[in-house]
Amino acid sequence: MRTSNLLLATLRDAPADAEIASHRLMLRAGMVRQLAAGIYTWLPLGLRVLRKVETIVRAEMDRAGAQEVLMPGVQPAELWQESGRWDKYGPELLRLQDRHQRHFCLGPTHEEIITDLVRREVRSYRQLPVNFYQIQNKFRDEIRPRFGIMRAREFLMKDAYSFHLNQESLQETYDLMYRTYSRIFDRIGLDYCAVLADTGNIGGSRSHEFHVLADSGEDRIVLTGKGGYAANIELTPAPAAGARPAATAVMAKVATAGKHTIDEVCGLLNTTPDKCLKTLIVVGKDGSPVALVLRGDHELNRVKAESLPSVRTPLAFAGAEVVRTSLGCSVGSLGPRGLNIPLYVDNAAAGVADFVCGANEEGFHLTGVNWGRDLAEPQVTDLRNICADEAAPDGKPARIARGIEVGHIFQLGTKYSEAMKAHCLDEAGRAVTLIMGCYGIGVSRVVAAAIEQNHDERGIIWPASIAPFQVALVPINMHKSERLRAAVESLYQELTAAGIEVLVDDRRERPGVMFADMELLGIPHRLVFSERGLDAGTLEYRTRRDTEDRAVPVAEALSFLRAQLISV
RNA sequence: CGGGGCAUAGCGCAGCCUGGUAGCGCACCAGCUUUGGGAGCUGGCUGUCGGGGGUUCGAAUCCCUCUGCCCCGACCA
């Protein structure tokens, strides 16, 4: 490819609203352009990368015996009503009507469609197990699309669905997919890990997420080292508290006017957050408030809270108004003592003696409060996120890292097959409900995640596996030298014939501009042509990560590059 | 959805408070000079100032309204 024939839409400045590195760089490098909130056009350069990821994913899925299909993006409401998700999915499901006022949605995922297909086409156990996959755009009307391609509303996903006669068969395919995903992310060359995960909206039992480790990740994962515990923090149990110390203080009410935050109250009362309890009011199943009590230095875990029977899903905090009218004071003065609403207390909060908490009276807190003496022994549960260095379930200290979820595999069980009556006959001729697994990879997100993990101040540094081009040829002042033009052209033909993807910068630009653009694009290898070099019979070579040039004899350029392409 | 912010040329921004008929940098086009790390000079193009309504002799500027985009959203519970 020649830059004269490529939409090289590089920008010196990124739009002001691009927050994270991958978003800025994808815009600056001319990979994508935003059309609407969370909706992007892929430009030629970006599409090359996206296709690279897709190709690797497809090859490994095929290798694992999965069969590719392509399902519709627009899906009839009937199937979603049949599975029960038409009502449960919520506003993330973009619904629309056709000219006959029939209801449809844009597919955020395809369990219903594949289950419908399989119940029609698969009749016998002899056809099982099967695993169908597709690589297709999905649409999820996210509350808040952000970070560019990372959390877009329309995005490219590989989704696969497997069907089985029994749990053992599902487990086999699940394990195979686990290995396949590992191969995929190994091949792409990302620093990733697989962790135990919550099943969320899709449903099912066992599941693993694959995370690319990066500080900009929206998820937090708990790790205890190689081969140890690895899970999303959402479902990592926090360790139980030790025995509660004996009460020593006398309960007292103190004026704390104007002090609402844990830190403010600690400052005033000369204590620390771990001696304070905070009381969060969330919306209950029936709409009435429910109190959750945590230690002042701990964080509420959303998934754990949502698993409480009397808490409404999705978790929502009660509004300030509701709190004031139903509980008689503002949120900064709440405490568990004397609250006559359902009260759930975190393990750690239940283990504190002589604690500080709000008095449920505007401008007052209580000190020296003790469970079982000043208020009833609490109903104890695990409500919080585990903290760094606390004991993980395997007993080792937890390390907490940030991750970008790029893959997720689930054992769905019979959630969809039962609701949609997907059966087939077993060896004895009995109708058996199929058992399902499902396996997703955010293909477009992988592109963004790769950039998050591989960039510097000058631009993107692509892993070779997904770079849009392997080699950039940069001629200096080519318009002045026919000899130089001929040398570039000759090597370009030679490399192309050898199957190497080359981008020749044939623009009549100054060297600085070409260097800067090629580095922004993140092309792994660069060869610079100059009159000076040709006089010496050499080209200058450097990789995207180098800062020094190496002289390479023109005649050896091809063999040299071949060797480099293998080693890098 | 709640809270906040922004909307002026392709991108980044100023002008708005205090109303007087739109500007800067980059990009783009032409020419000349340059040519090893985002060149210099000269000349040029580019705007329904997000849409609609109102106030006014006059609105980018003040008021109302709609739309779009962005940020934040337990840790004040």
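Mentor: Here is a walk through the RNA surface, then the sheet, then a few other spots.

This is a predicted model, where local features need pLDDT of at least 70, side-chain atom pairs count only at pLDDT 80 or more, and totals for chains, interfaces and linings use all residues. Residues are numbered from 1 along each chain as its sequence is written, chains are lettered from A and ligands numbered from 1 in the order in which they are written, and side-chain values use heavy atoms, with hydrogens and water left out.

Start with RNA strand B. It is surrounded by 46 residues. The closest are T279, L280, E519, S530 and E540. Here, near means that a heavy atom of the residue lies within 4 Å. Of the RNA strand B atoms within 4 Å of the protein, sugar and phosphate make up 50%.

Now the polar contacts, which are pairs of N or O atoms within 3.5 Å; within protein, one must be able to donate a hydrogen and the other to accept it, and residues adjacent in sequence count only if both atoms are side-chain atoms. R144 puts a polar side-chain atom 2.5 Å from a phosphate oxygen of RNA strand B. Q34 has a polar side-chain atom 3.4 Å from a sugar or linking oxygen. L280 uses its backbone: an N or O atom lies 3.1 Å from a sugar or linking oxygen.

Which elements give two or more residues to this surface? They are strand 1 (32-36), strand 14 (277-283), helix 14 (511-521), strand 28 (525-529) and strand 29 (538-543). Helices (H or I, at least four residues) and strands (E, at least two) are DSSP runs, numbered from the N terminus. Helix 14 gives the most, with seven residues. By class, the surface has 19 nonpolar, nine polar and 18 charged residues. Nonpolar covers Ala, Val, Leu, Ile, Met, Phe, Trp, Tyr, Cys and Pro; charged covers Asp, Glu, Lys and Arg; the others, Gly among them, are polar.

Two strands pair if DSSP finds at least two bridges between them.

Look at one pair. Strand 26 (residues 471-475) and strand 27 run parallel, joined by three bridges. V471 has V502 in strand 27 as its bridge partner.

Finally, helix 12 (residues 443-453). Of its 11 residues, 10 are buried, so it is largely enclosed by the rest of the structure. Buried means under 20% relative accessible area, exposed over 50%, partly exposed in between (1.4 Å probe, protein chains only). Among the buried residues are R445 and E452.
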